Amino acid sequence: MSSQTITADAAGTWKLGDLPVHRLGFGAMRLTGSAAFHHGTPSDRDRSIAVLRKAIDLGVNHIDTAAFYFSSLRSANELINSALAPYPDDLVIVTKVGPYRAYDGEWGTSARPEDLRGHVEENLRQLGRDHLDVVNLRRMPQYDSIAEHFGALADLCEAGLIRHLGISNVTPGHLAEALAIAPVVCVQNRYALDRPDPATDELLRLCGEQGIAFVPFYAVAGEAAEQGATTAHDDDVRAVARAHGASPAQIRIAWTLHQGPHVLAIPGTGNPGHLAENVAAGAIRLTDEELARLDRPRREAG
């Protein structure tokens with residue numbers, strides 16, 4: 001398929017609270033290097049800035065980022081600020097807090113509730129903003145409950161530093177816990193075509209029933225995770241890709257968007273050509289037969 005004239009609005013829209021976004025967004029993790037975090041080699045700064053500006057030109061108005069998205073030379077938030085400020089009026093920047101990385105890139109102790117204001121203020125400083133559109137609380141495995149942390153973010157909403165709240169890396173129980181404290185506009189969990197997960201399937205369903213956006217991460221990367229996009233595509237994915245004149249990665253993005261009108265995709269890349277392909281995937285319409293074929297391994301695993 002040609003990706004030259006396809007823009008993000010082809011994927012449709014959803015609202016994060018009162019903020020409308022195209023369902024095909026952009027994840028900033030890949031901007032900082034050949035692999036995420038301290039893996040790989042740092043990116044070319046001018047190229048990363050060009051990718052961000054091209055994303056806006058292609059109609060992307062939802063960018064996912066975090067202060068802990070940085071490599072030895074690059075910071076995703078700094079790149080976003082340099083490339084896009086003053087920001088377009090319709091641009092929604094979603095960030096996340098909770099995990100912590102020291103300046104040497106190593107992971108440190110995750111935030112306690114009283115630390116979260118500092119995490120929020122760091123994102124504000126790096127992005128050059130006076131408030132954050134959406135902040136996701138990224139639950140770390142050592143915390144069984146998110147109530148205290150989420151409550152601290154709800155206080156920052158009341159203080160005007162955050163507009164809307166989301167949660168990440170959670171279970172249906174955590175969603176119920178958060179909703180008892182404050183509204184939740186999005187849930188970010190790992191979710192991919194080749195990664196069956198009944199608990200996350202349930203979370204996807206619950207979000208749909210309650211009008212909450214479900215935002216998978218590593219939907220294209222699969223098992224490769226932070227190392228980059230997977231090349232382990234099964235025969236069904238490749239066959240559907242051929243039928244559409246598309247790449248397997250585009251089919252993975254299209255499948256993601258077909259999981260419900262409340263599902264958003266945030267594929268990331270530091271490559272301008274891949275960016276155009278990712279955005280164009282929002283225009284792919286899979287048939288019921290193709291979806292059944294792609295879902296077969298999940299059904300068999302379940």
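Arg-45 counts as partly exposed at 29% relative accessibility; here buried means under 20% relative accessible area, exposed over 50%, and partly exposed in between, with a 1.4 Å probe and protein chains only. This is a predicted model, in which local features need pLDDT of at least 70 and side-chain atom pairs count only at pLDDT 80 or more, whereas totals for chains, interfaces and linings use all residues. Residues are numbered from 1 along each chain as its sequence is written, and side-chain values use heavy atoms, with hydrogens and water left out.

Arg-45 forms a salt bridge with Glu-78, and the closest N and O atoms are 2.5 Å apart. A salt bridge is a side-chain nitrogen of Lys or Arg within 4 Å of a carboxyl oxygen of Asp or Glu. Because Arg-45 lies in helix H1 (residues 45-57) and Glu-78 in helix H2 (residues 76-84), the pair ties together parts that are 33 residues apart in sequence. Helices (H or I, at least four residues) and strands (E, at least two) are DSSP runs, numbered from the N terminus. Glu-78 is partly exposed, with a relative accessible area of 29%.

## Other salt bridges

In the whole structure, 12 salt bridges are found. One of them pairs Arg-112 with Glu-148, with the closest N and O atoms 3.7 Å apart. This pair links distant parts of the chain, 36 residues apart: Arg-112 is in the loop between strand S5 (92-97) and helix H3 (116-127), and Glu-148 is in helix H4 (residues 147-158). Arg-112 is partly exposed, with a relative accessible area of 31%, whereas Glu-148 counts as exposed at 51% relative accessibility.

Glu-121 counts as partly exposed at 38% relative accessibility, and Arg-117 counts as partly exposed at 42%.

## Nonpolar cores

The largest nonpolar core has 82 residues, and those with the most contacts inside it are Leu-153, Ile-167 and Val-187. A nonpolar core is a set of buried Ala, Val, Leu, Ile, Met, Phe, Trp, Tyr and Cys residues joined through side-chain atoms within 4.5 Å. A second, separate core of 12 residues includes Val-21, Val-92, Val-94 and Val-215.

Leaving aside neighbours within four places in sequence, Leu-153 is in contact (heavy atoms within 4.5 Å) with Val-97, Leu-116, Val-120, Val-135, Leu-137, Ile-162 and Leu-165.

## Cysteines

A disulfide is a covalent bond between the sulfur atoms of two cysteines. A search of the whole structure, with a disulfide taken as a pair of cysteine sulfur atoms within 2.5 Å, finds zero disulfides. The cysteine sulfur closest to that of Cys-186 is in Cys-207, 8.9 Å away and therefore too far for a bond. Cys-186 counts as buried at 3% relative accessibility, and Cys-207 counts as buried at 0%.

## Surroundings of Gly-12

Gly-12 is found in the segment before strand S1 (13-16) and counts as partly exposed at 25% relative accessibility. Not counting residues up to four places away in sequence, Gly-12 touches Val-21, His-22 and Arg-23. The C-alpha atoms of Gly-12 and His-22 are separated by 5.7 Å, although the two residues are 10 residues apart along the chain.
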